[in-house]
Amino acid sequence: MLETSLPPPPWQDSTADPLRQLPNLQQFLDADPRPTFIVPVDPTAPVAFDISFGNHAFRRDGLDEQVLRATRTGKQFRAWSQAVLHWRSEYRFSGRIWTAFSITAKWKCIQATNVPVATQDKSSEPERPKSTDEAARKLEDARFANARVTGLYKMMNMSDVGNFEYSVHGTLLRANDSWYRLSLHPRSPALHQDFSFMDLVYPPDAALVLSQWNKLIQGIPLTFEMRWKNALYGIPHDEEVEDYQWILCACVPIQDSQGKVISIAGDTIDIGAQKRIQKQALQRAEALERARASERKFTRFALLAPVAIIVLDTKRRITYCNTRFFEMADHPPTQEFKKMDWHNFVYAKDYPIVDRQWATLVTAQELSQAVFRLQRTWADSDGISRQVWVESSVIPEFQDDGTVSSYLCVMTDISRFKWAEQVQKTRIEEALAAKRKHENFIDMTSHEMRNPLSAIIQSADSTIDSLKVVLSLVSQSHSGDPSIVQHTDTEIKQCLDSLHTIVSCSLHQKRVVDDILTLSKMDSNLMTIAPVRVEPCQVIAEAVHMFELECKKDGISLTFSEDPSVRQLRAEYVMMDPSRTLQILINLLTNAIKFTRDRPVRRIDVRVGASAEPPSSDSSSGISYASVTTDSTGLLENSEWGLGHPIYMWISCQDTGCGMSLEEQGNLFTRFTQATPRTHIRYGGSGLGLFISKKLTELQGGSIGVRSQSDVGSTFAFYVATRIAPPPTPIRLGTTKDSPLSWPVTVEYDTRRKKDQYSVLIVEDNLVNQKVLSQQLCKAGCEVYVSNHGAEALEFLRKTSYWAASKAGDVKPTSSTQLLDLSVILMDIEMPVMDGLTCTRKIRKYQESGDIVGHIPIMAVSANARSEQVSQARDAGMDDAISKPFRIPELMMKLEALVSGGGAILPSNQITGHA
């Protein structure tokens with residue numbers, strides 16, 4: 001307690017006169033009715049707050065507990081109590097007014113009082129100037145001083161350094177904007193009186209700041225670091241995020257002429273960035289120290305390392321290298337490293353690479369890598385001598401002052417990797433070249449086969465139409481010898497029959513060509529599956545509808561039905577490739593018609609359904625599915641298939657044809673193989689259709705099978721993997737970029753009708769095709785113009801109503817010149833002078849520039865049938881495409897749809913996926 005720590009005064013000496021002995025300090029203070037307590041202080045160092053003594057009135061009212069509470073007011077009162085010079089002469093706390101005084105500079109006595117605060121003494125009025133001149137001079141000096149002070153304040157407000165001034169009582173007198181931004185001090189002057197500078201201090205630094213304040217009050221200028229609370233203090237936040245900010249504070253006491261401290265002024269600046277840099281620098285220093293501790297381990301490792309390790313000085317001289325380097329460089333071992341020259345073992349042509357690496361290393365002072373050759377050679381597996389290739393990685397080593405002391409280089413022999421890379425590159429180039437040759441061969445073969453077929457079919461169709469007209473005219477003639485009329489009629493009918501045979505054989509040849517091209521595409525791994533959102537039942541129904549006319553001619557009953565499983569599994573819309581699927585179905589329908597047309601009972605039933613699991617040979621349907629030989633794992637995992645539930649769509653084609661025995665069924669689905677040798681003799685075919693159908697089902701994650709009985713009929717069925725899709729906005733299948741070009745079926749169209757007359761420009765370099773196609777279109781009621789290549793077509797457009805304005809030097813048609821109408825352009829692809837793709841691009845460019853007004857429909861008419869070529873045509877600006885050979889009814893259906901504004905349609909020759 002206090003009485004043991006304070007020396008007794010002389011009047012408490014026991015040897016003194018008893019009459020003069022006074023009560024001790026504790027007794028004196030206990031008798032005082034005012035609450036009083038004493039705390040230790042130290043003007044030179046922080047000291048912990050401790051109530052060394054509290055009198056009876058202080059303890060009676062429980063004020064000791066209030067002072068020691070961990071509240072904001074309690075903390076501020078304790079800080080005020082221990083201050084050497086108070087920033088307030090009186091302090092309001094717990095409903096009382098407190099004052100304090102020092103005892104021997106080591107103790108502070110704090111006492112509650114009701115004595116009003118003494119008013120400050122009014123300073124004496126300044127002496128009046130003795131003369132008017134002297135008064136004017138002093139006034140001018142005062143104005144000048146005021147201007148300087150005002151300028152100084154403006155400069156401080158513009159500074160990024162926080163500037164402040166506190167009174168000796170702790171009240172903020174002034175501060176610039178930087179101070180307020182840096183601290184959490186309120187800007188309102190009304191709050192300055194009750195806001196202590198201790199409220200800014202981070203609690204762990206409170207004792208330090210209080211100690212520094214006591215020194216400043218004694219007139220000692222100080223510069224010290226401390227922490228202030230930041231905006232995160234007192235609110236929940238991540239523990240890794242600091243809730244304080246580091247501040248560098250430089251303070252000076254402001255003294256009057258008598259040396260009395262009247263205020264404390266200072267500057268503050270945020271040093272958080274420097275503190276973080278110091279922390280990082282310390283971490284780097286520790287890491288460097290650990291690296292040096294590992295140097296001995298590195299030396300031992302370098303001797304056994306399988307890579308070359310070299311240490312170089314800043315002048316590029318070798319100061320150390322391991323044994324592997326001597327072996328790699330084919331250099332005899334030596335300890336005189338600095339005499340070794342890089343040019344003695346680096347391949348001469350790669351000197352610039354090494355020089356650039358060194359220049360980059362010196363400039364950037366960071367890891368640098370390079371690949372170059374050495375003069376040493378090695379022999380590959382073929383005995384060919386090759387240069388040694390190495391990969392060099394160099395990193396600088398730094399001293400404590402940040403300067404580079406040396407460079408560490410590691411070289412790895414990558415000769416065999418380079419050799420393997422070159423071999424692989426060569427093989428890839430060879431494979432790509434072979435693939436290009438293969439594709440070019442396919443394109444050339446397709447072009448040469450399809451062009452004459454188109455002329456043959458169109459010529460036969462034209463002759464058939466002409467003979468029908470002649471036959472009609474002969475039958476209408478009532479004069480002449482009846483025998484001559486009958487003979488003429490017989491000859492014409494024979495010609496018609498022969499021409500029908502020509503058409504049938506040409507179509508058969510086209511099917512064989514298509515099968516061969518598809519097979520070639522499969523062998524080259526060029527066949528792709530392109531899923532789109534479709535209504536499967538509608539697609540199948542439209543395909544079946546295309547064969548109704550042919551079946552009706554042969555007396556075959558053709559029906560289509562939808563299995564209830566489609567609705568049960570909500571498979572009204574699915575993601576699938578309709579082109580590849582219909583290619584399989586049309587092949588099955590073509591076979592069914594071929595094998596049923598000469599049977600006593602002629603019926604073909606097509607049915608479509610859905611299944612949650614892939615159908616198997618063990619199901620009740622009796623279908624025996626062929627074994628799967630193509631891996632389609634992960635087919636539906638691609639994003640283009642969507643996220644719908646996976647299901648399997650199955651399609652069956654049942655006929656009453658000749659049927660097959662079990663032995664004959666075993667030969668199905670094999671390349672170039674038919675059920676029996678007599679099948680080819682009686683029905684024809686190449687033996688590729690079912691094999692291609694099997695491959696197409698497997699590419700789509702499915703399989704194909706058959707159930708057949710001899711002389712009863714056959715049922716072929718296949719299934720493909722799909723995903724359920726939501727109902728889409730109606731689309732036109734023919735507009736997909738991967739839509740194929742051709743498939744031959746019979747289409748009903750009256751070429752003699754002349755309801756609408758179209759003006760058609762044929763751009764074709766083949767004179768035979770020009771002649772045949774022109775004649776057919778003229779018979780169909782079209783007005784036909786012909787150009788031999790793209791350049792002539794562009795010249796022709798200047799004469800049409802589409803040409804609006806001419807460029808500089810062009811001749812604009814006069815008013816006396818009648819502009820030609822144009823409905824559509826039939827554009828060949830492969831032509832001399834200017835090909836069809838280039839011509840189409842120029843036409844679309846003229847449309848954009850305004851030289852051509854409106855959109856000219858352009859249809860590609862070419863023997864190029866691959867889907868990639870179709871995509872190229874569409875990308876060039878063509879609106880639709882049809883592949884040779886084609887028949888005029890098929891062309892007229894597409895032409896009408898295109899001219900009428902309906903866009904590209906999907907007739908019978910564009911749904912099967914033939915390449």
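Predicted model: local features only at pLDDT ≥ 70, side-chain atom pairs only at ≥ 80, totals over all residues.
**Group meeting: salt bridges, a sheet and a pocket**

Let me start with a pair of residues: aspartate 880 and arginine 874 are both buried. Their side chains meet in a salt bridge, with N and O 3.8 Å apart.

How many salt bridges does a search of the whole structure find? The count is 24. I'll pick out two more of them. Glutamate 562 and arginine 567 are joined by a salt bridge of 2.9 Å from N to O. Glutamate 562 has a relative accessibility of 29%, so it counts as partly exposed. Arginine 567 is partly exposed as well, at 49%, and the cut-off for exposed is over 50%.

Next comes arginine 317, which bridges to aspartate 313, and here the closest N and O atoms are 2.9 Å apart. Are these two buried or partly exposed? Aspartate 313 is buried because its relative accessibility is 11%, and the limit for buried is under 20%. Arginine 317, in contrast, has a relative accessible area of 34%, which means partly exposed.

Now to the sheet, so please find the strands on your screens. Five strands make an open sheet with antiparallel pairing, and the order runs β12-β11-β15-β14-β13. Which strands stand at the edges? They are β12, residues 318-321, and β13, residues 368-379. Each has a single partner strand, so one side of each is left without a neighbour in the sheet. From one strand to the next, the twist averages 25°.

For β13, the pairing with β14 (residues 385-398) is antiparallel and runs over nine bridges.

Last stop, the second largest pocket. It holds about 580 Å³ of space. There are 27 lining residues, and those closest to the centre are Lys75, Ala79, Met198, Pro203 and Ala206. Which helix gives the largest share of the lining? That is α5, with six residues. Both α5 (72-82) and α8 (206-217) supply at least two residues each. By class, the lining has 16 nonpolar residues, along with five polar and six charged ones.

Definitions and conventions:
Residues numbered from 1 in each chain as written. Heavy atoms only, no water. 1 Å grid on protein atoms, 1.4 Å probe; cavity = no way out; pocket = protein on both sides within 12 Å on 5 of 7 lines; lining within 4 Å. Points joined across faces, edges and corners; volume = space filled by probe spheres on them. Helix = DSSP H or I, 4+ residues; strand = E, 2+ residues; numbered from the N terminus. Nonpolar A, V, L, I, M, F, W, Y, C, P; charged D, E, K, R; others polar. Salt bridge = Lys/Arg side-chain N within 4 Å of Asp/Glu carboxyl O. Buried < 20%, exposed > 50% of the residue type's maximum accessible area, 1.4 Å probe, protein only. Pairing = 2+ DSSP bridges. Axes fitted to C-alpha atoms, helices over the stretch in contact; angles between N-to-C directions.
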